[in-house]
Amino acid sequence: MANRIRILLLIFLLLLIPSGCWDRRETEQLLLVDALVFDTAMIDNSEQYKVTLIASKPSPGGGGQMGMGGEGGAPQGAMQWTASAYGQTLDEAMLKFSARAPRYLYLDHSRIVIFGEALARKGVSEAIDFLVRSRATRLRNFILIFKGNEAGLLTAKPEFEADLARELFAILEASVREGDYFHPNDLNIVAQDILTTGQDPWAPVIEIFTPAHGNQENTGQAVSIKGTALFKADKLAGFLNEEETQSFLMLKRLANTGIYFLDINGEKVSYKYEQAKVKRKLTLENSKVNVDYDITLQGLIEEVHFYTELTEDEIDKLEKMLANKAQNSLAKVIDRCHELGSDALGIGRFIHAKEPKIWSQYGKDWAKIYPEMNINVKVNVKITGTALGSKPIVPE
Amino acid sequence: MLGRLRRKKKPGENDNFPDNGMQVFSKNMDNNVKYISETLSKCCDVESRPIKLGKGAKVDAYIFFVDGMVDADFIAKNVLKPLILLDFDKTDRTKVPTRIYNQLLTVSTVTIEKAPDALIMKILSGHLGILIENERSAFAVAAIGWEERAVEESKAETVAKGPRAGFVESIRINRSLIRRIIKYPGLKIEKLTLGRICNTEINIVYIEGIVMEGLVREVKERIERIDIDGIVNLGMLQEMIDDSTFSVFSQSYSTERPDRACSCLLEGRVVIAMDNSPFVIVAPALIPQFFQSAEDYSSKYVIASFIRLLRFVGLNITVMLSGLYVAIFSYHHEMIPTELLKTVSQAREQLPFPIFLEMLMLEIAFEILREAGVRLPRPVGQAVSFVGALVIGQAAVAARLVSPPSIIVVALTAIASFTIPIAEGADAHRLLRFPVLLAAGAFGLPGIIAALLMLLVHYSGLRSFGVPYLSPISPFSLSDWKDFLIRAPSNFMRTRPVQTGKSNIRRQKRCKLGGK
């Protein structure tokens with residue numbers, strides 16, 4: 001027993017020595033990358049990858065006693081470090097950062113991956129492959145497509161959060177609950193979609209804009225999410241605007257709420273659906289497959305620009321008009337998908353699941369068959385209320 | 001070589017008295033007095049005087065007592081007065097001792113001693129020794145009357161609700177405190193004497209018919225096996241009767257509260273009381289006991305259960321938190337939520353020490369402060385705590401020597417350890433955070449897991465008086481969980497703990513209770 005105690009003491013003493021021999025890294029040695037931006041650029045007449053990091057930078061003299069010596073509060077702009085590097089491969093570009101930053105490039109906490117439009121049009125599969133291969137990056141990274149010149153992105157200022165990456169992440173995360181005009185998509189799903197025939201990837205689009213208000217502090221440009229990018233295989237095919245995105249997300253059953261408005265003789269009525277039941281069906285017709293969407297919307301009239309109490313007849317009329325409107329905009333999105341040749345709606349995947357035999361014929365040249373597919377939409381609108389407990393407010 | 005030296009017995013080492021001592025009283029009183037006086041020579045507290053018994057001063061006698069241990073008034077009134085003033089005239093000379101014993105000594109406890117050495121022992125423990133001429137025996141009159149601390153509120157185990165009395169230094173009062181709660185003839189209190197020189201009284205208290213089978217014999221054997229000059233501190237006795245002395249965990253626990261001791265007796269355990277100790281030992285002690293506080297049984301079961309769970313969380317924080325903090329923040333950054341990592345790394349920017357060293361220093365600093373605060377007199381102790389907590393903590397952060405999150409972790413770890421109500425459990429587990437911290441600093445989470453596995457193996461191997469220490473976790477017994485991580489309502493506590501109460505498991509009959 002006494003021997004065992006001696007051995008135990010020896011172990012304790014020895015434990016002091018290997019401390020840090022393994023892959024210990026102090027937090028202050030890490031460069032916490034929040035977002036990765038991938039794009040292409042012409043360098044020395046050859047097209048190279050351009051990798052941009054948006055990383056957290058410790059503010060000088062940060063931490064310590066908050067509130068003592070007037071250090072409290074988040075220092076403006078000091079929290080973000082943005083840098084770009086070029087390389088023939090992504091790996092080479094990433095390696096170049098180590099010459100600039102005295103820290104270990106730490107990708108584990110990156111939450112957003114942004115692809116520039118130029119790279120997205122060329123194809124993102126190499127970059128996605130690089131990210132999935134890397135042990136560090138998480139599959140939960142949100143994917144965004146940046147429309148326009150990426151240089152603008154790096155000078156854009158966050159409007160709420162301390163840094164840009166955090167702001168984008170917060171916007172995307174909030175939309176997981178709210179989501180109507182956009183919906184986040186992550187690395188995992190995009191990678192899967194690239195691998196799946198009959199399902200093309202898609203991702204939200206971000207754009208730079210200049211805030212309209214005259215706030216003097218905020219003179220720079222800001223970022224917002226505008227629409228959706230559709231891919232054909234791994235290549236960017238085209239964009240959907242916000243209105244189209246709403247319909248697109250409804251067809252994908254990712255968004256349950258949204259608004260439609262009607263224009264009746266110049267007066268407007270706005271309808272907000274709070275429930276969208278989307279049913280998909282396959283029908284066979286002369287050995288051709290059709291896809292039928294049967295959609296039921298339920299919601300309220302939220303805004304009326306003419307001063308009447310809505311009678312039941314009028315509500316019936318409104319329901320029909322709204323159904324018509326919704327049907328048109330959904331059909332427009334489907335047409336747009338056909339036009340771009342992008343099966344982001346996953347029609348192929350649906351046929352594969354429901355009719356594997358037919359898919360075995362279709363699968364091989366799905367890219368050719370898809371634009372010819374017949375996709376029908378039928379919408380049924382229910383107005384459950386006028387969101388009004390009393391008579392409308394009418395000026396005397 | 002050492003062993004041989006140790007085995008060599010010095011004369012008189014193993015006995016209280018010289019080998020050539022007097023075995024029995026001689027017929028001649030002077031010889032007896034001379035022997036006792038010589039044995040107790042140079043003891044200024046021993047007082048003696050000759051007296052003449054009876055009105056006619058016919059019979060010579062001699063008394064011995066220790067000043068300060070006997071009640072002088074009591075002796076004067078109940079012993080000396082009747083002996084000196086009463087009339088022996090009509091009594092036959094040979095019947096004098098019988099008359100004294102039967103009629104004259106108006107004292108409840110009187111023993112007749114045949115051997116001078118036994119009488120000396122009695123005198124030294126607060127008896128009055130009376131030698132009478134021409135007698136081969138002597139009286140030892142219990143006249144104990146020394147100053148004693150009154151029964152007062154327990155200091156180590158305070159409760160807001162429930163009985164306040166705590167044990168005191170006198171074993172007589174302590175056993176009476178137990179007897180006052182358990183008025184049952186089956187409550188047995190056996191007496192042992194321990195220590196060649198100190199002759200400390202030890203009481204083994206148990207309830208016949210409830211106590212775990214063979215436990216009393218085992219306890220007695222273990223105590224009797226001890227051969228030592230004297231035990232002054234209960235902790236020494238506790239260590240000497242524990243199954244695994246080398247373990248950091250104590251396999252018995254000490255309590256200052258009679259109510260707690262009694263509830264343990266009712267669970268089939270044994271209580272060992274020692275003279276001069278305001279604590280008693282309870283054995284066997286198992287893991288659940290270290291989470292139980294006397295307060296639990298005074299408050300409602302829901303609250304008690306919540307607090308029990310809280311203590312369990314506190315235990316885990318004590319053992320693991322500082323280790324986890326070091327492991328995660330120096331090896332496994334991917335496990336931390338992004339915002340938390342940013343906050344902490346911001347706070348740790350440009351600090352001079354690695355996180356492991358920082359934690360080690362802070363933990364040691366805390367132990368130093370705690371030790372200093374405990375040993376110092378209370379007002380000074382408070383000042384030390386202030387200096388330690390505020391000045392050092394605050395200044396270290398302001399001087400950018402340590403990071404605020406580390407201070408929070410150390411403080412939380414330290415405070416959490418005080419949620420464990422039994423000192424033995426709290427101290428052992430507080431010490432364990434150092435090996436866990438070392439393992440975390442060297443190997444990260446795998447190191448912590450290895451350390452915890454070693455701890456588990458050690459726990460599983462421990463036994464307290466033959467009972468597995470981890471019971472009721474392993475060996476598993478569901479019925480004992482009613483008083484482990486939670487406390488079931490009192491009317492569900494129908495059985496004694498399986499391990500200790502085997503011989504008489506039923507405690508309560510199922511019946512309609514309350515207003516139903």
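Select helix α2 (residues 29-39) of chain B: this helix lies across β1, β2 (59-66) and β4 of chain B, at about 15 degrees to β2(B). Angles run from 0 to 180 degrees between N-to-C directions, with axes fitted to C-alpha atoms, for helices over the stretch in contact. Helices (H or I, at least four residues) and strands (E, at least two) are DSSP runs, numbered from the N terminus.

This is a predicted model: local features need pLDDT of at least 70, side-chain atom pairs count only at pLDDT 80 or more, and totals for chains, interfaces and linings use all residues. Residues are numbered from 1 along each chain as its sequence is written, while chains are lettered from A and ligands numbered from 1 in the order in which they are written.

Next, show the sheet. Its 5 strands in chain B form an open, antiparallel sheet in the order β1-β2-β4-β5-β3. Strands pair if DSSP finds at least two bridges between them. β1 (46-53) and β3 (110-113) of chain B are at the edges with a single partner strand each, so one side of each has no neighbour in the sheet. Zoom to β4 (residues 127-132) and β5 (residues 138-142) of chain B, which pair over 5 bridges. There, Gly129(B) stands opposite Ala140(B).

Now select Leu168(A). Beyond its neighbours within four places in sequence, Leu168(A) is in contact (C-beta atoms, placed from the backbone, within 7 Å) with Ile112(A), Leu144(A), Ile206(A) and Val223(A).

Finish between the chains. Here 31 residues of chain B are in contact with 28 residues of chain A. Helices of chain B that each supply at least two residues include α10 (301-330) and α15 (423-461).

Note on methods: Two residues are in contact if their C-beta atoms, placed from the backbone, lie within 7 Å.
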